[in-house]
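Trainee: I have this one open and need a walk-through. Let's start with a single side chain.

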Amino acid sequence: MNTNSLSLNDLYDIVEPAPVSWWPPAPGWWILFAVAGIAIVFLLIHRLRCRRKNAYRRAALAELGKAESADEVAAILRRTALAAYPRKAIASRHGNEWIEWLETTASIPLPDTAKKSMASVYSNDETHTEPLRDYARAWILQHPAKEGGTC
């Protein structure tokens with residue numbers, strides 16, 4: 001037997017194939033990317049519509065933070081209701097009818113002290129402004145939108 005032919009010096013390293021490339025992806029991945037992209041676009045459009053739909057709520061809450069008297073709070077409630085519901089449903093309501101309507105459109109009851117503030121909104125009694133402000137804040141956040149649906 002020939003010793004030269006069995007020498008380890010004559011052996012070669014194993015040649016490994018090139019690693020499999022991640023790009024370009026298979027057609028299934030392209031479909032998944034397209035579906036995910038479309039879903040993201042629809043979610044962004046929905047979020048933008050919800051944000052625009054609730055812009056009047058953000059504006060009302062900003063004004064409510066600046067309100068100093070019960071009549072200002074009541075005016076903010078009225079303007080918010082006019083922005084959220086048809087004018088015919090809001091404009092003619094006043095007094096107890098207005099208070100009852102506010103209570104029926106939100107799941108929270110109007111506290112008695114806030115009712116007194118609403119009833120005597122143009123008197124100079126400012127002792128019960130804070131309960132009215134708290135109710136107004138809750139009403140603005142909780143009343144259902146005129147178009148329906150949830151955001």
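Trainee: What is the relative accessible area of Trp30?
Mentor: Trp30 comes out at 44%, so the residue is partly exposed. Buried means under 20% relative accessible area, exposed over 50%, and partly exposed in between (1.4 Å probe, protein chains only). This is a predicted model: local features need pLDDT of at least 70, side-chain atom pairs need 80 or more, and totals for chains, interfaces and linings use all residues. Numbering runs from 1 along each chain as its sequence is written, and side-chain values use heavy atoms, without hydrogens or water.

Trainee: How many aromatic pairs are there?
Mentor: The count is 6 aromatic pairs. The rule takes rings of Phe, Tyr and Trp (its six-membered ring) with centres within 6.5 Å; planes under 30 degrees apart are stacked, over 60 edge-to-face, the rest tilted.

Trainee: Where do Trp30 and Phe33 lie?
Mentor: Both lie in helix α1 (residues 27-53), 3 residues apart, or about one turn of the helix. Helices are DSSP runs of H or I with at least four residues, numbered from the N terminus. Phe33 is partly exposed, with a relative accessible area of 43%.

Trainee: Which aromatic pair is tilted?
Mentor: Trp101 and Trp139 form a tilted one, 6.1 Å centre to centre and 50° between the planes. Trp101 lies in helix α5 and Trp139 in helix α7 (residues 129-142), so the pair ties together parts that are 38 residues apart in sequence.

Trainee: Are those two buried or exposed?
Mentor: Trp101 and Trp139 are both buried.

Trainee: Back to the other end. Which residues cluster with Trp30?
Mentor: Trp23, Trp29, Trp30 and Phe33 make one aromatic cluster. The peptide bond from Trp23 to Pro24 is cis, with omega near 0°, and Pro24 lies in the segment before α1. Most peptide bonds are trans.

Trainee: Now the core. Which residues touch the most other members?
Mentor: The largest nonpolar core has 27 residues, and Leu77, Trp98, Trp101, Leu102, Met118, Leu132 and Trp139 touch the most other members. Two or more residues each come from α2 (55-66), α3, α5, α6 (112-119) and α7. The largest share, 7 residues, is from α3. Such a core is a set of buried Ala, Val, Leu, Ile, Met, Phe, Trp, Tyr and Cys residues joined through side-chain atoms within 4.5 Å.

Trainee: What does Trp139 touch?
Mentor: Leaving out residues up to four places away in sequence, its contacts include Leu77, Tyr85, Trp101, Leu102 and Thr105. Contact means heavy atoms within 4.5 Å.

Trainee: And Thr105, buried or exposed?
Mentor: Thr105 is buried, at 13% relative accessible area. This residue is in helix α5 (residues 95-105).

Trainee: Charges next. How many salt bridges are there?
Mentor: There are 5 salt bridges, each a side-chain nitrogen of Lys or Arg within 4 Å of a carboxyl oxygen of Asp or Glu. One of them joins Arg79 and Glu63, at 2.2 Å from N to O. Arg79 in helix α3 and Glu63 in helix α2 are 16 residues apart, so that pair links distant parts of the chain.

Trainee: What about Glu130 and Arg133?
Mentor: Their side chains form a salt bridge at 3.4 Å, N to O. Both lie in helix α7, 3 residues apart. Glu130 is partly exposed at 44% relative accessibility, whereas Arg133 is buried at 11%.
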